[in-house]
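This report covers ring contacts and strand pairing. The sequence and the structure come first.

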Amino acid sequence: MRFMMHTREGGLCLARPDPYHSASDVELQTVAPKFMTRGHLYKAIIGDSIELPCKVKDLGSYVLLWRRGTSVLTAANLMVTRDARFKLIEGYNLQIANVKIQDAGDYICQIGDNESRDQVHTLEILVPPTIRVVPQNRQITARKGSTVTMECKASGNPVPAIYWHKKDSFAGSSHLSESTTMVLERVDRHHAGIYQCTADNGVREAVHADIEVTVLSPPDITVEKTWVHASEGFDIDLMCTVHGDVNSEMLWYQNSFLLDPTDRRSMYSKGDKYTLNIRNFQQSDFGNYSCVADNALGRTKKYIEVSGRPGPANFLSPAYSNYLDRYNLTYTIESIPPLDEIKLLYRKLMTIFQANIPSAESLEKLLVLKSVLEGKKCNRADSAGCYRSFISHNDFPYYSLRNKLFSVGWICWESWELVFGRRVQSGDQGQR
């Protein structure tokens, strides 16, 4: 039996039995209680549930407490806190349901003995990102040349990272910035579009907010072709694309005269593309056409020439031939009627660096060397033919000689031109 000592008036000490402990309790407490778990940092997403473990070996008759700061949450199996989200499970493990931001902090599991041994768990509450954008209506209208500022404020735990992208229906999204503020200076029509702010902190899904930017400017016109081939009796389409303000008025002109729809001529549009269709093309339809776009900020004009002449030649051949003795020239010409005649003009392209041209004396020395090797002489009169034979000699390959003496394939000397080891008279067309 354990006794409790009390002092009364007059200094008399009285001993009374301890009603909470027995002799058997004293025997049990010879073994000190020991924590089976360790303090740890726990993370929980707001709204979820979390369990903080506390397992003690040889607890005996000692009381196990859960407290947070100075507030006691539980004592033994008794729930002290009135917050119904807290409860004990599987012994003395503390469960917190529907965690809130204010639940973050240190939670202490304490053994109620003379040593007041305890174990500390730290709870961190993770908060998914949220976004607030400026302007709040998520729409900005600006004039061409002005500055546009967009702001994206994000909150959450951990602090979210912010990314800016511009949505593009053709090229996809392009990464622009990682700042909370997005600034566009000297805006033009290419800056118009939807800008997306993304906030991500790794807690659940990233969140996005879109801001639409509209740039007011004079209309900007692009044409698919500035020169169009046509022929009598055929149909043609002239097309202009208007960028910028969708409220622009579009007009068509021929040789400065305003065009109206007729039985052979019609105008129509689809989105920002405007088309002038001319059916059964006549001689009077040839000329210069212009598409004119007009809005409150200005007027823009683009020209299209409609001609019956064949189009310019489009050369498809590579710059250099794959062969030493020939070159295939391939080209296309746009023409509706069959072509009666094609005249191909050409000129020699002398692309030698003067510093790399061997002198006549150097050539004569090479010819003498070649004569010695072949056991015959070369005279100056036949120098071209002799040189041609020289560069084809097995002991002096053409490429090796060319690399040492010349930067290109043309070799000019007196009235002869040696091209890839072939002799042609001046005035003939050689191959590079």
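Is Y331 buried, partly exposed or exposed? Y331 is partly exposed, with a relative accessible area of 29%. Buried means under 20% relative accessible area, exposed means over 50%, and partly exposed lies in between (1.4 Å probe, protein chains only).

The model is predicted: local features need pLDDT of at least 70, side-chain atom pairs count only at pLDDT 80 or more, and totals for chains, interfaces and linings use all residues. Residues are numbered from 1 along each chain as its sequence is written, and side-chain values use heavy atoms, with hydrogens and water left out.

**Rings**

The structure holds 2 aromatic pairs. Rings of Phe, Tyr and Trp (its six-membered ring) pair if their centres lie within 6.5 Å; planes under 30 degrees apart count as stacked, over 60 as edge-to-face and the rest as tilted.

| Pair | Geometry | Centre to centre | Angle between planes |
|---|---|---|---|
| F281 and F286 | edge-to-face | 4.8 Å | 70 degrees |
| F315 and Y331 | tilted | 5.7 Å | 55 degrees |

F315 lies in strand β30 (residues 314–315) and Y331 in strand β31 (residues 331–332), so their pair ties together parts that are 16 residues apart in sequence. Strands (E, at least two residues) are DSSP runs, numbered from the N terminus. F315 is partly exposed, at 45% relative accessibility. F281 is buried, with a relative accessible area of 0%.

A charge also meets a ring. R326 lies over the face of Y323, at 3.8 Å from the ring centre. The criterion is NZ of Lys or CZ of Arg within 6 Å of the ring centre and within 35 degrees of the ring normal.

**Strands**

Strands of a sheet pair through backbone hydrogen bonds, either parallel or antiparallel. Two strands count as paired if DSSP finds at least two bridges between them.

An open sheet of 5 strands runs in the order β22-β29-β28-β24-β25, with mixed pairing. β22 (227–229) and β25 (257–258) stand at the edges, each with a single partner strand, so one side of each has no neighbour in the sheet. β22 pairs with strand β29 (residues 298–307) in the parallel sense, over 3 bridges. There, H229 has S307 of β29 as its bridge partner.

Strand β23 (residues 236–243) is mostly covered, with 6 of its 8 residues buried. Strand β21 (residues 220–223) pairs with β23 in the antiparallel sense over 4 bridges. I221 has V242 in β23 as its bridge partner. β23 also runs antiparallel to strand β27 (residues 273–278), joined by 6 bridges. The bridge partner of D237 in β27 is N277.
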